[in-house]
Amino acid sequence: MSATAERPATRGFVGLPIDRVDGHAKVTGAARYAADAPIAAPLHATIVQATIACGRIIAIDERATRAVEGVVDVLTYHNATRIPALPFDFTAPSSEELAPLQSDEIKYDGQHVAAVIAETFEAARAGAALLRVEYESRAPELSPGGARTVEQPEQWFGSDAQPRRGDPERAFEAAGVRIDQTYTTPIENHNPLEPSATVAEWRDGELIVHDSTQWVRGTRAVLAKSFGLDEEKVRVIAPYLGGGFGCKGFFWPHPLIAAMAAKLTNRPVKLVLTREQMFTSCGYRSETRQRLRLGATRDGRLQAILHDVLGTSSRVGTFVETAGGVTAMLFDVPNIAVTHSIARLDVPTPTAMRAPGEAPGSFALGCALDELASACGIDPLDVLRRNHAAVDPSSGLPFSSKHLLACYERGAEAFGWSTRPQAPRAMRDGGELVGWGVATATYPALRSPAQARVVLGADGSVDVASATHDLGTGMYTILAQIAADELGVDPRAIRVRIGDSSFPIAPVAGGSMSSASVGPAVQDAARRAYREAIAIATSAGGSPLHGLGEDEIEACDGGLRSKREPSRAIAYGEIVRLGGSGAIEALGSAAPGDEGERLSFHSFGAQFVEVRYDEELARLRVSRALGVFDCGRILNAKTARSQMIGGIVWGIGMALMEETVRDPRAGAVVTNNFADYHVPVNADIAAIDVLFVEEPDLAFNPLGVRGIGEIGITGVAAAIANAVYHATGVRLRDLPIVPEKLLAAQAAV
Amino acid sequence: MNAFRYAQARDAASAMAALAADPRARYIAGGTNVVDLMKEGVERPSLLVDITQLPLRGIDRTATGVRVGALALMSDVADHPAIARDYPVVAQALLASASPQLRNMATIGGNLMQRTRCAYFRDVSQHCNKRAPGTGCAAISGVNRRHAVVGGSEQCICTHASDLAVALLSVDAIVHVRGRAGERTVPLERFHVLPGSTPQRETVLEHGDLITAVELPASAAARNSYYLKVRDRASYEFALVSVAAALNVAGGRIRAARVALGGVAPTPWRAHAAEAALLGRPATGGTFAAAAEAATRGMKGYGQNDFKIVLVRRAVNRALQHVGAIA
Ligand SMILES: Cc1cc2nc3c(=O)[nH]c(=O)nc-3n(C[C@H](O)[C@H](O)[C@H](O)COP(=O)(O)OP(=O)(O)OC[C@H]3O[C@@H](n4cnc5c(N)ncnc54)[C@H](O)[C@@H]3O)c2cc1C
């Protein structure tokens, strides 16, 4: 199927910076998020969490809780529905193998041990505060260094977790220039604005769940399995999300607890995690310790990379932060050894967080290349260019569409890179040191099978439906744009419905794959509906287009017309009425083929950053950032730009302030609120600009689109750390770069 | 949150009577701190007495300076021309506090009474002598990056969170209190008390005492004052370290000096040694550096917060250069 040849006359909406079609509903409050589900008089459930990291419950005293007026019941392992163990798999993606509330065992601080169910939110909270849980506690293992159990997974998500090629040890030893450094990144939390929420209701043996999930069908599958139901008996609804970033991607215990509570009380139950609970109830990014060894020639050409990554995981689930993934494919290096290890600790299970693997990996690798540039006395951008990989070194396959060199060029020009003095501490503005840094961004282009339905109604309506999601990213808008172009209808006149497991199948909103997966399915469905409309319009007696051939017709203004005589036109609603079946309904689908056997699909980018540093006060700020991205076709210039700006802001947070701190003795998160877990505020964000090298990747899918959700954060922390080096002359290899680390580094010079 | 009663006081006398009748009653002004703590289960009042209808909002000039009503909003005080002109340190400290939304709710009296942000204090499942006397201090050997480097005790090493109080300390503010025995005044420096062996006690106020106003005496030093706040991000964060500096320099010599520190102690902290190193000396870089060094005297870190001592020295130096006009 070629994307352009058989395209009907379009209005070219794809690509335009169209305002979000759901914007009005959001700013007026009409958009209903999970916790706003229109369910009359639900009960409210509040979670009670373990306050030890390792041990067991020896007693639960519910008396004071049950004495609170309005408390209906207390759900604990004594009365919870028995649920089978739920090992993670891609059809039922539960993050924790142990279902919640099944036994007295405590595997991490924050584990859900009870839910208090009450007539009001206030009563549920008051009751939860009064629940007395007594524990028998053992000393927890909380630090990856020296952990008793360290595993080396062979594979992770279908990829080799220990990739190797050539003879990296020997090539490293033989190299003229060697870098051997360790980089560390802390635990980080996703912190979407909308906390996770579930409203669960049982109706005639069917379970209906309004849930803030990035994967309605995955959530449905786990719930069905847990309660021994057919999937058709479970419906999961998530029309809007206030961000997710991965913490709503896989399945976590709270929807199960809400459904158990609804079953126990035979009433609908609403459960909203608190901000504090979000730090321990739905995953986080694992800390990483990354040793990187680079061997290169004196002119900065890489000969070997050895990248050893130590992350963490829990005792109840597995997630591997594959920070070494980028190392295997980003640069043209003949000899590579990447290892991933995970230390099993008494902590909650980490999960995917915006660019899992790539975010911390691109930090370490991006810094190491900058160190190489310094060691060789070469401009860092030149080192990146010199090691550019024309084919994917991990597979030997050519890239489908790679324009990274163009990103470097355009970025360097727009940023003014050529005026950068090579030596550190060479730029000042007033009392502040100024530094510039650069690093490479990358993220794989992923795609999954998806379907969509397009329905043209007799009233002229155009409906698009798919079980995909809008995390606040613009999915509603781009799907409307895609259908609009196929049908010749204004995108604002199209009703897009998503986030319902009963809609045509779509994958998890993860891996930046929704646009590339669902977009082509919507295109296919719209095209089928368009063809059917033509078939009716050219064959029905009363149609002004009666007797014309398909190629003599084009779309226009919500209907069809003759190319030669534009006044011969008919609206879609009229065509539907002529067709007599009440509606034109088309199911479209799209799926990857065997192109992955021939080509490697990745997005790329270049991140340029300027920092300013007040050396006396150790005050560091990012004053300027520019990202230039090669992500295939851009479907909406406005929402795409916003995504990238958001990614860069995330990168600034990652570099300078974000850190989830656990109490070193007992494992409780002590930064479980926005006063202690710092994300950038407006005043931290100065000038950010985004450019796209827009080359449609038509080998990937007929729209030529790759994903844009995650690449924006990659490389930012490295570019910032590199800019800090350029400003100060000291290397900071441990994130976040907070004042005490800058002071210590200065003192050590 | 527990069930609690709420009453709106018509006048100071009825507000105080309501508290006198109930040892678990509390005043509520802007509510930005007390409600927060109630949600966490840290404060569990039986009764909230809303004092926002009392006529204590005025910001008035007096013969000796400015008198700020206890219920004046942080935002109104920050924007008041007399404050900005005669006490720049106070306006700057307020504008560096919290967020515009919070400043539009929060009051001056409430700000002085706000409680520490120590994570262990705010989490009822943790040990904290301030919240639950006798349970121990989890911070001393725990996560203590934001904790005190001076003035703490084996019972408590929290920091006082207010920026305003630090600024007020540098202009010799006086707190007006109405208690059972009538009105009294307390110099701000004696208003907050160090934890010692009773960390649950934070000020000299008795249950039911009502702050009515804060008096700011006019002075040349106050007119030449400056607030410097060092923190991880540019806004909306409590201080890692802050400095309020006020200096009167005449004929090249320092005639009056105040240096107060925030983020370093369980109370707003007056750096007397730094002031002594300034008084009567020439306003030179050498004097300021010596005073900055003196400001750190007696400070001791607990590991994660050692860096604050270095920051204090540098921030005091910077603030003094600013008010000494030799930046
Ligand atoms: C997110 C956040 C960020 C913040 N950042 C900062 C910051 O950077 N710097 C800073 O200084 N502060 C900051 N604050 C704290 C804020 O300034 C205080 O919460 C506020 O000043 C309290 O004033 P209030 O009127 O709301 O007090 P309330 O919450 O109403 O009362 C607080 C306490 O004071 C008592 N009280 C109130 N008025 C009187 C009175 N007249 N007499 C006797 N007792 C009284 C109450 O009984 C209560 O115990 C922040 C707060 C939040 C929530």
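Helices here are DSSP runs of H or I with at least four residues, numbered from the N terminus. In this predicted model, one such element is helix α3 of chain A, which spans residues 121–130 and contains A:A129. A residue counts as buried if 20 or more other C-beta atoms lie within 10 Å of its own, and as exposed if 12 or fewer do. A:A129 has 19 C-beta neighbours inside 10 Å, and is therefore classed as partly exposed. Between A:A129 and A:R447 there are 45 Å in space, C-alpha to C-alpha, and the two are 318 residues apart in sequence.

The next topic is the contact of the two chains. Chain A brings 28 residues to the contact, and chain B brings 24 residues. On the side of chain B that touches chain A, the most is given by helix α14 (residues 307–323), with six residues. By class, this side of chain B holds 12 nonpolar, seven charged and five polar residues.

The ligand, too, lies between chains A and B. Its surroundings comprise 31 residues, and the closest are B:G30, B:G109, B:G110, B:N111 and B:M113. Several elements of chain B each supply at least two residues of this shell: the strands β2 (25–28) and β8 (210–217), and the helices α2 (34–39) and α7 (108–113). Of the elements in the shell, α7(B) gives the most, with four residues. Sorted by class, the shell around the ligand consists of 17 nonpolar, 11 polar and three charged residues.

Notes. Residues numbered from 1 in each chain as written. Chains lettered and ligands numbered in written order. Predicted model: local features only at pLDDT ≥ 70, side-chain atom pairs only at ≥ 80, totals over all residues. Near = placed C-beta within 6 Å. Nonpolar A, V, L, I, M, F, W, Y, C, P; charged D, E, K, R; others polar. Contact = placed C-beta atoms within 7 Å.
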